[in-house]
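Open the model in your viewer and keep the selection tool ready.

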Amino acid sequence: MSEGELLAGPIEESHRTLGASFAAFGGWNMPVSYAGTVAEHTAVREAVGIFDVSHLGKASVTGPGAAEFVNRTLTNDLNKIAPGKAQYTLCTNETGGVIDDLIVYWVSDDEVFLVPNAANTAAVVAALAAVAPDGIEVRNRHRDFGVIAVQGPRSAQVLADLGVPTEMDYMSFADAELAVGDARYPVRVCRTGYTGERGYELLPSWDDSAPVFDALLSAVVAAGGQPAGLGARDTLRTEMGYPLHGHELSVDISPLQARCSWAVGWKKPEFFGRDALLAEKEAGPVRRLWGLRATGRGVPRADSPVLSAAGGDRIGVCTSGTFSPTLKTGIALALIDSAAGVAKGDTVVIDVRGRALECEVVLPPFVTANAG
């Protein structure tokens with residue numbers, strides 16, 4: 001790939017046929033929208049939507065004691081779950097900054113499958129490989145699998161219509177086959193997602209991703225849903241207060257600052273960045289993530305300054321901002337200085353291109369989660 005060239009996923013031609021608009025994201029050419037972000041967002045909240053998120057990274061850790069090794073490196077405590085389960089976790093550096101947030105699939109004691117963010121896959125693989133003992137192999141498998149998300153209240157109906165299992169618990173997965181006519185496509189089916197709705201993420205092989213997507217899309221449309229792009233994915237996750245790496249998490253933003261300390265196994269004797277994070281926990285983070293709900297007209301955006309309502313002093317910055325199709329108002333996630341002493345229910349001001357937008361301080365999510 002030459003400098004500036006975007007990577008294409010395995011389903012790009014299907015998206016072009018559907019009339020998608022595209023944009024660059026994490027080095028990939030991604031479908032942003034088909035019928036409009038608000039319509040796609042609403043379909044996921046009220047019916048069902050389908051996303052192609054094959055840009056997400058994939059990696060495997062295999063060999064004797066692979067699960068134990070992963071538990072000694074990533075933040076969350078893998079022993080809270082069991083084989084057949086998935087877990088949200090973080091790969092942090094020695095200063096407690098977040099290299100990436102990712103999902104771990106515990107296949108067996110000797111096999112763990114990872115789904116990191118697209119742009120950070122190589123960094124996660126490198127961090128693990130650098131400390132892997134003899135016998136443990138860490139492989140970047142970015143283009144071995146696609147990832148297709150089916151999300152919304154009717155998502156189980158869509159999968160069941162194609163003979164795919166749907167009754168696993170939240171954050172569980174199963175290996176199955178999806179039937180399309182006489183063809184059978186192996187897929188890993190996971191009860192996970194990034195929307196706050198009941199949903200599933202399917203991992204077919206890279207080469208099988210296009211026919212699997214087309215079959216799922218037909219079932220989604222039959223169930224009253226539609227394809228959804230990156231725009232709806234962002235508004236849905238922001239309503240839930242879910243972090244996006246590079247916005248709410250980064251090598252400069254710790255799990256404590258981002259309110260992701262629940263994904264840290266504090267009692268574990270070992271993981272990347274443990275000493276730094278324990279020290280920060282003891283001292284208290286210098287800033288914390290809050291939700292801001294606009295009480296006036298206006299849409300906050302990432303990097304907009306957050307000001308005190310009283311004196312107009314800068315006390316933080318928006319990490320994400322958008323219009324909420326569900327609430328019909330502007331919402332934002334923002335890192336606010338702990339010294340400012342803000343609390344739930346307080347009023348702050350966002351500087352939106354020189355115009356003051358009053359907001360109520362809230363604890364995300366902004367809307368009720370229905371994923372469980």
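**Three cavities to start**

Searching the whole structure turns up three cavities of 30 Å³ or more. The search uses a 1 Å grid over the protein atoms alone; a cavity is a set of points where a 1.4 Å probe fits but cannot get out, and lining residues have an atom within 4 Å of a point. Grid points are joined across faces, edges and corners, and a volume is the space filled by probe spheres set on the points.

This is a predicted model, in which local features need pLDDT of at least 70, side-chain atom pairs count only at pLDDT 80 or more, and totals for chains, interfaces and linings use all residues. Residues are numbered from 1 along each chain as its sequence is written, and side-chain values use heavy atoms, with hydrogens and water left out.

**Largest cavity**

Select G9, E12, H15, F22, W28, N29, M30, P31, D52, S54 and H55: they line the largest cavity. The space inside is about 60 Å³. Which strand gives the largest share of this lining? Strand 2 does, with four residues. Helix 1 (12-17) also supplies at least two. Helices (H or I, at least four residues) and strands (E, at least two) are DSSP runs, numbered from the N terminus. By class, the lining has four nonpolar, five polar and two charged residues. Ala, Val, Leu, Ile, Met, Phe, Trp, Tyr, Cys and Pro count as nonpolar, Asp, Glu, Lys and Arg as charged, and the others, Gly among them, as polar.

**Second largest cavity**

Keep M30, P31 and D52 selected; they are among the residues that line the second largest cavity. About 40 Å³ of space lies here. Strand 2, strand 3 (49-52) and helix 7 each give at least two lining residues. Six of the lining residues are nonpolar, one is polar and two are charged.

**Barrel**

Six strands close into a barrel, ordered 14-17-16-15-18-19, with antiparallel pairing. Strands pair if DSSP finds at least two bridges between them. From one strand to the next, the twist averages 40°. Helix 7 touches strand 16 (314-324) and strand 17, and its direction makes about 125° with that of strand 16. Contact means heavy atoms within 4.5 Å. Axes are lines fitted to C-alpha atoms, for helices over the stretch in contact, and angles run from 0 to 180 degrees between N-to-C directions. Now pick strand 14 (residues 287-294): seven bridges join it to strand 17 (residues 329-337). L292 stands opposite A332.

Four bridges join strand 4 (residues 59-62) to strand 7. Across that pair, S60 stands opposite F113.

**Second largest pocket**

A pocket is an open set with protein on both sides within 12 Å along at least five of seven lines. The pocket holds about 170 Å³ of space. Strand 11 (183-190) is one of the strands that supply at least two residues, and its three residues make the largest share.
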